[in-house]
Amino acid sequence: MISNLEKFFTGCLHLSSPWEVTNVKMDEGQTRVDIRVRNNGKFEFFCPECKGRCQGYDKKEREWQHSDLFDMECHIHCAVDRMKCRECGKVFMIDVPWAEKGSGFTLLFEAKGIELMRDMPVKAAGSFLKTEPHKLWRILDRFVEGRMKHQNLAGLTRFYVDETACRRGHKVPGASGTTWREGREHRILIEL
C-alpha cells in the first residue's frame, strides 16, 4: 500500500501512471535520501524498430543522482523493464520519464548542472553538486550536441571564442561566428 509520503514524492517528481514512488529512505546520518520508483506493470510497449508488440523480458536495477533534497544527496532507484519484441526479437530497455537514456542523472539534476556551468568552472560546479567534473563534462557535451543539431552553420567561414572576456567574468551567451552570404559579412551567435 502506498502511503501519503510516497504519494507526495510521486507528485514532486511529476510521475504519472505507470510510474509511482514506493519507498523513501533517509540514511542514519541524515545526509542522503533514496527514493524507490517502480512501474505498476499496466502499460503496453511497441518496438522502436518494427513497431511490433513487446512483452516483458527482465528488469535491470538502475540508479540516478537527483537534485539535493534539503541539502541531502538524493538518488532515485528503479528496476527498469527490458522488453522483447514478439516480431523481430529485439530486446531494449524502456525509457524512464525522469532521465535521458544512458544517463546516471535526472533531467532536473542535469538542468541545474548546465545552469551552474554557465556561470562557474566545471570543477566548481562539480564540488557544488557533489559529483565528479568528468561526469559534468559528459552532460555538457550532450547538451551542446543537442543544441548544435538545430544550428544552421551553412556558410560559416570563421569562428571566435572570447576566452579573455570569460576569464574576466563577463557573461558570454555562447560563441560567435562569421558567415558570408550575398557578398556581405553576417555575424551569428551560437547560444549555448
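**Strand pairing and helix packing**

Trainee: What makes strand S4 and strand S5 (residues 91-93) a pair?

Mentor: S4 and S5 run antiparallel and are joined by 3 bridges. Two strands pair if DSSP finds at least two bridges between them, so S4 and S5 count as paired. Strands are DSSP runs of E with at least two residues, helices are runs of H or I with at least four, and both are numbered from the N terminus. This is a predicted model, in which local features need pLDDT of at least 70 and side-chain atom pairs count only at pLDDT 80 or more, while totals for chains, interfaces and linings use all residues. Residues are numbered from 1 along each chain as its sequence is written, and side-chain values use heavy atoms, leaving out hydrogens and water.

Trainee: Which residue is the bridge partner of Met 83 in S5?

Mentor: Phe 92 is that partner. The hairpin of S4 and S5 has 5 residues between the strands, and Gly 89 there takes a positive phi near 85°.

Trainee: In what sense does S4 pair with S2, and in what sense with S3?

Mentor: S2 and S4 pair in the parallel sense over 6 bridges, with Arg 32 bridged to Glu 73. S3 and S4 are antiparallel over 13 bridges, and Glu 63 stands opposite His 77.

Trainee: What makes S4 (residues 72-85) mostly covered?

Mentor: Of its 14 residues, 10 are buried. Buried means under 20% relative accessible area, exposed over 50%, and partly exposed in between, with a 1.4 Å probe and protein chains only.

Trainee: Why are the buried residues of H1 said to line one face of the helix?

Mentor: The buried residues of H1 (residues 4-12) are Glu 6, Phe 9 and Thr 10. Down the axis of H1 they fall within an arc of 105°, so they line one face; the arc is that of the directions from the helix axis to the C-beta atoms. On the other side, Asn 4, Lys 7 and Phe 8 are exposed. The buried residues pack against S1 (19-26), S2 (32-39) and S3 (54-69), where contact means heavy atoms within 4.5 Å.

Trainee: Why are H2 and H4 called roughly perpendicular?

Mentor: The axes of H2 (residues 107-119) and H4 (residues 133-148) come within 10 Å and cross at roughly 90°. Axes are lines fitted to C-alpha atoms, for helices over the stretch in contact, and angles run from 0 to 180 degrees between N-to-C directions. Under 35 degrees counts as roughly parallel, over 145 as roughly antiparallel, 65 to 115 as roughly perpendicular and the rest as oblique. H2 and H4 are therefore roughly perpendicular to each other.
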